[in-house]
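Hi,

Here is the structure I promised to pass on.

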Amino acid sequence: MTDTSGSSRSRPEDKVDPPARAEAHSGGARPKGRPALRSRILFTDIGRAIGALLVVYSQLSVGWLPAHHYAPGFITVLDWAGRFALRLDAADIGEIAVPMFFLISGFVVTAVAVQEGAGRFAVRRLLRVYPVLIVAVLLGVGVVALGLHPLGGAPVQHVTPAMVLADIGLNGSFVGGQQNLLGVAWTLGVELLFYVLVICLLPVLRRVTWYAILVELALVALVLAAAHTLDAGFRPFAVTVSFLPVIIIGQLAWAVRSRRVRVRVGVAFGAACWLLYVAASLMGLGRSDDSYNLALAYAVLLFAIGLMVEPRIRPSRWITFLADRSYEIYLLQCVVLFPALDFLVRSVPFGVALPVALLVMMGVVEVVYRLVDRPVRRLAGRLTRLPVEAETTQLPVLSDVPDVTDATDVLPRFTGDRFAPGPGASPARHARPPSPLRPPLPLVPASEVRRGVLEPPTPARATNGRHRRQDAGVMER
């Protein structure tokens, strides 16, 4: 649900390597036997696309249908899969969507923040979140004015300016006693809180990643410990903080994948995240039952599978289409789909009303995406055309090509029959006198490396008389 590039066709957090620049390094041709360069992390596209559809299904099966006493057959089958086969109890399979969104956000947004720097990151995040949110709130105001009600929001008869400002400011995620038009907007409060943490800890996150994550976990534990000792007004903030461990698990996946954190440290921190999340569930912070814990377990499993099979995933137009519009679908289904469904079922059967309402929602989603989201992303790109800070990081490389984690590191190249020291290695320990016949090649900065382009050079062999004469001249010198 995030973006930084201002591009009209792809989202910055999904970018792994710019294909155009990669082709420039290879003379415009891709070496044979190498996979095609990708401009998106495809498993996150799949996660966002499926997550958006699951949110719509969950709101339909848990919210709208019981309130209107409908029980269509396909909903009964999917409910059985969620509540009995997956043991999600009072919830359904749609409950997996929110932790999946959080995991993807932690994995991708952290890399984007480290690459862009605090200022650029803050500007792009605000312009990514708020324009579509404002449009969704204004549509909710219009729905209430027409005598309909957004699904999941407060049942209000009229909207005041204070309520509109509170919805736009996401006050309901941090302050109690607020009426919200958008029932799903509480997740944006969790996201914004995570953005603030990342910006504040960015210098530490770049240099000592494990320590920054440890500070995040300590802050979460401190808030949970104080949840029952402070007044009731503090409880909404504690509920919002209690979902941060899910995003931190995604952040740990990025840190381990980019080799900034050792695997055993990542596993230990991940276990701490799980314990904090379960503790919040036992404390009753925003959870109605223990299905939230199981939904997180399923989301982590699906996320890990997606991370492993990423190199084998093929792009799909439909997946890309839904992923690009997942944020709009997530917000607008409350204020467009279900009010339209309320209006249509008064005159037509549910089997006709549902497809028509879905078409109406997708039409509004497309209009908002083209007239609001894409232009604002282009504006964000123009506003943040600043010099990139010296210390940046590339997004995680999801292939069998070795990872490039930091532009201040270097990748090894062959020096004779051995490798030069890689990132983090001690040059003195691995130093070796250069061979006069095969002088060492220079180390290449990671910022100049592009996937599928760099090939380890093969040292020249003295196979003919000309090479032997050159080598003899080197030995004499």
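**Aromatic pairs and a helix packing**

Phe303 is buried, at a relative accessible area of 6% (buried is under 20%, exposed over 50%, partly exposed in between, with a 1.4 Å probe and protein chains only). Before going on: this is a predicted model, where local features need pLDDT of at least 70 and side-chain atom pairs count only at pLDDT 80 or more, while totals for chains, interfaces and linings use all residues. Residues are numbered from 1 along each chain as its sequence is written, and side-chain values use heavy atoms, with hydrogens and water left out.

Back to Phe303: its ring partner is Phe107, with the ring centres 5.6 Å apart and the planes at 75°, so the pair is edge-to-face. The cut-offs: rings of Phe, Tyr and Trp (its six-membered ring) pair if their centres lie within 6.5 Å, and planes under 30 degrees apart are stacked, over 60 edge-to-face, the rest tilted. Phe107 sits in helix α4 (residues 97–116) and Phe303 in helix α13 (residues 291–309), 196 residues apart in the chain. Helices here are DSSP runs (H or I, at least four residues), numbered from the N terminus. Phe107 is buried too, at 0% relative accessibility.

Searching the whole structure gives 14 aromatic pairs. There is also an aromatic cluster made of Phe102, Trp186, Phe243 and Tyr277.

Now the helix packing. Helix α9 (residues 209–226) packs against helix α11 (residues 244–257) at about 170°, the axes being 11 Å apart. That makes the two roughly antiparallel (under 35 degrees is roughly parallel, over 145 roughly antiparallel, 65 to 115 roughly perpendicular, the rest oblique). Axes are lines fitted to C-alpha atoms, for helices over the stretch in contact, and angles run from 0 to 180 degrees between N-to-C directions. On the α9 side the contact (heavy atoms within 4.5 Å) involves Thr209, Ile213, Glu216, Leu217 and Val220, while α11 brings residues including Leu244, Pro245, Ile248 and Trp254.

Last, two spots around helix α12. Trp274 is in α12 and is partly exposed, at 33% relative accessible area. Leaving out residues up to four places away in sequence, Trp274 touches Asn293, Leu296 and Ala297. Its C-alpha is 8.5 Å from that of Ile249, 25 residues away along the chain. Asp290 is in the loop between α12 (263–282) and α13, and counts as partly exposed at 48% relative accessibility.

Cheers
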